[in-house]
Amino acid sequence: MGEMKADKGKSILYSAVVDSDEARKAQEAADRAADLPPDQIDIDSMKITQQWEKYTPENHEVWGIIFRKRMEQLKDYGSRVFLDGSKAINLRPDCVPKLSEVNARLKSLTGWGSYGVPGYLPAKSFFAFLAKRQFPTTITVRPMTSMDYLPEPDIIHDVFGHVPLHADPVFADFLQTYGQAALHTNDPHHTERLARLFWFTVEFGLIREDGRVKLYGSGLISSEGEGHHALESPKVDRRPFDMETVCDTAFEIDHYQPILYVLDSFEQLRDAMNTYAERILSAPAGAGAR
Ligand SMILES: [Fe+2]
């Protein structure tokens, strides 16, 4: 994990759109914050500038090719909430989005915002962003040579895949509540369950809309192969969402998901999260706290 983090940091430091000194300082701040109590985590110190004018023609082209290709499938199989959100924040195929423009639109819709960060954040720092309705995003674009698969997130996974949902008031509330619960719990049992919840919803969630199963998790939205597999493969066990069951299900990385959970609505997710968060946040601070 530590090694992985170092690698990510390294790769982004040498991307043209990132100021490498700023990125190094931001990554150091993020790493230092790993073990701080929640109220001392300074998320602003982890942010980096998106030097938009430094994206190369290849960057814009890669964004555009993937945008068009994914929308071909998603116009029929993407959640309405994703499609509406993508329009609401004005994502377009012609260029990599400017976070400042995305945020201007999000602000009036839900108060969320997306901010560049240098790479992987320690878990508590990531949750500290969510708890404040802020989404830390990578701002680099995958190279033309790894169009179909990239092991680490890039702006296509993060902004094309995640951010449209932040324009929806119900999902927006869910994600903030999630962040608050995950930030404040010190119980490893809850931490593990919350990681599973994130995986099976935010990353790989399905939802039933008008009687049909649609994609909304970013891992499915941003990957053609994974999106098709999730909807069509007979090998996938598509289960109805239930908070307790989801939190009890271990997930596996590095291959297509054999188990997925289908929401009835985002209200279902928000309400279940509220109940769970209440349980976590009302737990007496005791053993293991901070
Ligand atoms: Fe993600």
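## A helix across a sheet

Helix H11 (residues 224-232) lies across strands S3, S4 and S6, and runs at about 160° to S4. Axes here are lines fitted to C-alpha atoms, for helices over the stretch in contact, with angles from 0 to 180 degrees between N-to-C directions. Contact means that the C-beta atoms of two residues, placed from the backbone, lie within 7 Å. Helices (H or I, at least four residues) and strands (E, at least two) are DSSP runs, numbered from the N terminus.

This is a predicted model: local features need pLDDT of at least 70, side-chain atom pairs count only at pLDDT 80 or more, and totals for chains, interfaces and linings use all residues. Residues are numbered from 1 along each chain as its sequence is written.

Now for the sheet. Its 4 strands form an open sheet in the order S4-S3-S6-S5, with mixed pairing. Strands S4 and S5 stand at the edges with a single partner strand each, so one side of each has no neighbour in the sheet. Two strands pair if DSSP finds at least two bridges between them. S3 and S6 pair in the parallel sense over 2 bridges, and Ile207 stands opposite Leu263 in S6.

| Strand | Residues |
|---|---|
| S3 | residues 206-209 |
| S4 | residues 212-215 |
| S5 | residues 237-240 |
| S6 | residues 259-263 |

Stepping back, the protein chain has 13 helices and 6 strands. Its C-alpha atoms fill a box of roughly 50 × 45 × 35 Å, taken along the principal axes. Of the 290 residues, 43% are buried, that is, 20 or more other C-beta atoms lie within 10 Å of their own, with C-beta atoms placed from the backbone.

Terms used: Buried ≥ 20, exposed ≤ 12 C-beta atoms within 10 Å, placed from the backbone.
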